[in-house]
Amino acid sequence: MSTTLLLVRHGQTVWHAENRYAGISDIDLTDTGRAQAEALGRWAAAHPVDAIWTSPLSRAVATAEPACRALGLTPQSEPHLRECDFGVLEGRTLAEFETEDPEWAAAYRADPVEHSFPGAEDPRAAAARGVRALRDIAAAHPGERVLVVAHNTLLRLVLCTLLSIPVGEYRRVLPRLRNGAVSELRVNPDGSAALLSLNVPCEADVP
């Protein structure tokens, strides 16, 4: 039986406004991020799921908490759902890096997989662990609906891999996943997948 995964990027963080790369850094939600989490909780109450899985990073756990509370579920943590390690870009913006190394920044913009940041996790390895995590979650919940709260870059890499899109195109094809929005993915028993919706807001008035 196929499994429905409801993929959610965590709520807005304190680095969001300046577009700083959070990666594996454990960054708190803003008030807006907490409002997005509460909206997700109300959405979950109206669209119940059978299980909730999260990245171990606190911004993902905090985003899932209202949904867990609404449904009386205990979240399950999956370490392979953590965000990519962005190396020297952790806590910095691409513009800041570009002033130091414009050639590398230009190469990254052209192909962020072949030219990932110095010291960063290989995006292909991140995609592989994320795909494995989602397939394992789907296999553990055949025929069920599962909420999965994770991260922008990881989920875009995973979606490209599952949908047979070259991972080097992830920034162009999927410019961003909105904070707190829901993307519906159907995962089949053979591991193949279909994207049923993308970036659907939980509530119209929450950014």
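I took helices (H or I, at least four residues) and strands (E, at least two) as DSSP runs, numbered from the N terminus. The model is a predicted one, so I noted that local features need pLDDT of at least 70, that side-chain atom pairs count only at pLDDT 80 or more, and that totals for chains, interfaces and linings use all residues. Residues are numbered from 1 along each chain as its sequence is written, and side-chain values use heavy atoms, with hydrogens and water left out.

Entry 1, the pocket. I worked on a 1 Å grid over the protein atoms alone: a pocket is an open set of points with protein on both sides within 12 Å along at least five of seven lines, a cavity is a set where a 1.4 Å probe fits but cannot get out, and lining residues have an atom within 4 Å of a point. Grid points are joined across faces, edges and corners, and a volume is the space filled by probe spheres set on the points. I found about 550 Å³ of space in the largest pocket. It is lined by 25 residues, and Arg9, Asn19, Arg20, Tyr21 and Asn152 are the closest to its centre. Helix H3 (94–100), H6 and H7 each give two or more residues to this lining. H6 has the largest share, 3 residues. For classes I counted Ala, Val, Leu, Ile, Met, Phe, Trp, Tyr, Cys and Pro as nonpolar, Asp, Glu, Lys and Arg as charged, and the others, Gly among them, as polar. The pocket lining then splits into 9 nonpolar, 9 polar and 7 charged residues.

Entry 2, the cavities. How many cavities of 30 Å³ or more does the structure hold? I recorded 2. Of its 13 lining residues, Phe86, Ser116, Glu121, Pro123 and Tyr170 lie nearest the centre. That lining has 9 nonpolar, 2 polar and 2 charged residues. The second largest cavity has about 40 Å³. Its lining includes Leu7, Val8, Arg9, Leu155 and Leu159. Strand S1 (3–9) and helix H6 (152–162) each supply at least two of its lining residues, and S1 gives the most, with 3.

I called a residue buried under 20% relative accessible area, exposed over 50% and partly exposed in between (1.4 Å probe, protein chains only). In H6, 10 of the 11 residues are buried. Among them are Asn152, Leu155, Leu159 and Cys160. I took contact as heavy atoms within 4.5 Å. The cover over the buried residues of H6 includes S1, helix H5 (123–140), strand S4 (145–150) and helix H7 (170–173). Ser164 follows H6 and has a positive phi, near 60 degrees.

I placed Pro112 in the loop between helix H4 (102–110) and H5. Pro112 is buried, because its relative accessible area is 3%. Beyond four places in sequence, Pro112 is in contact with Pro123, Gly168, Tyr170 and Arg171. Pro112 and Phe86 are 26 residues apart in sequence and 11 Å apart in space, C-alpha to C-alpha.

Is Thr54 buried or exposed? I have Thr54 as buried, because its relative accessibility is 2%. Thr54 sits in strand S2 (residues 51–54). Leaving out residues up to four places away in sequence, Thr54 touches several residues, including Ala60, Pro75, Leu81 and Val149.
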